[in-house]
Amino acid sequence: MPARPTAPPAGGLGWANLGMDIVSVTRVRRLLTEHGEEFFGRMLDAGELDDCRTSAGLDLLGLCGRIAAKEAAFKTLRVRHVLLPWRDIVVRRADGGWPVVRLRRRAAEYAAQAGITEITVSISHDVDYAVAVAAPILGDPVPPLTHPSPEQSAP
Ligand SMILES: CC(C)(COP(=O)(O)OP(=O)(O)OC[C@H]1O[C@@H](n2cnc3c(N)ncnc32)[C@H](O)[C@@H]1OP(=O)(O)O)[C@@H](O)C(=O)NCCC(=O)NCCS
């Protein structure tokens with residue numbers, strides 16, 4: 001098998017190292033009960049924890065979803081025998097509600113080596129499990145669509 005699948009230099013239409021992960025809510029609940037929020041401070045930065053916070057404390061499903069998203073994003077990097085600091089992959093909630101991934105330090109280096117400029121993730125959770133799927137994005141980000149203002153679109 002080749003050492004590490006990386007994006008073809010020409011751009012690689014159709015190339016995607018998907019990643020996915022599943023997290024048991026029961027296991028994370030136990031960790032939260034036994035070790036408290038500080039335990040997750042090693043895995044999530046302050047902003048990520050804030051995204052999981054409710055008036056009643058940390059939202060367990062949100063927490064599980066973010067952990068799954070980090071692992072799913074990690075899997076797209078296709079690195080072997082490597083452990084990354086959890087906070088190298090940051091998963092924040094965008095204003096629209098969807099998750100956004102930011103890569104830092106070694107995660108960013110591994111991504112760059114593989115031709116990955118960004119990673120997109122999707123999270124889902126139910127009572128017992130949270131899952132996330134991740135896909136790498138290659139090349140320059142596409143600028144967002146701009147919608148003409150009513151004045152501009154008027155004849
Ligand atoms: C290798 C690793 C990704 C497997 O994940 P896991 O949660 O233990 O197990 P899962 O059931 O979710 O996934 C297992 C599958 O991952 C896949 N896998 C194994 N190694 C992998 C790698 N280096 N990269 C991507 N996928 C890998 C395999 O398909 C495996 O299935 P198989 O055992 O049937 O072949 C995990 O042990 C690991 O090393 N994680 C890195 C931890 C880390 O640094 N996290 C920081 C994230 S920011």
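**View 1. Val121 and Ala134 across a strand pair.** Val121 stands opposite Ala134, a residue of strand E7, and this E7 (residues 129–138) is joined to E6 by nine bridges in an antiparallel run. Strands are DSSP runs (E, at least two residues) and helices likewise (H or I, at least four), numbered from the N terminus, and two strands count as paired if DSSP finds at least two bridges between them. The model is predicted, and local features need pLDDT of at least 70, side-chain atom pairs pLDDT 80 or more, whereas totals for chains, interfaces and linings use all residues. Residues are numbered from 1 along each chain as its sequence is written, and side-chain values use heavy atoms, without hydrogens and water.

**View 2. The open sheet E1-E7-E6.** Three strands, in the order E1-E7-E6, form an open sheet with antiparallel pairing. Strand E1 (19–24) and strand E6 (116–125) stand at the edges with a single partner strand each, so one side of each is left without a neighbour in the sheet.

View 3. A polar side-chain atom of Asp21 lies 2.9 Å from an oxygen atom of the ligand, and one of Lys75 lies 2.8 Å from a ligand oxygen atom. An N or O atom in the side chain of Glu71 is 2.8 Å from a nitrogen atom of the ligand.

Note on methods
A polar contact is a pair of N or O atoms within 3.5 Å; within protein, one must be able to donate a hydrogen and the other to accept it, and residues adjacent in sequence count only if both atoms are side-chain atoms.
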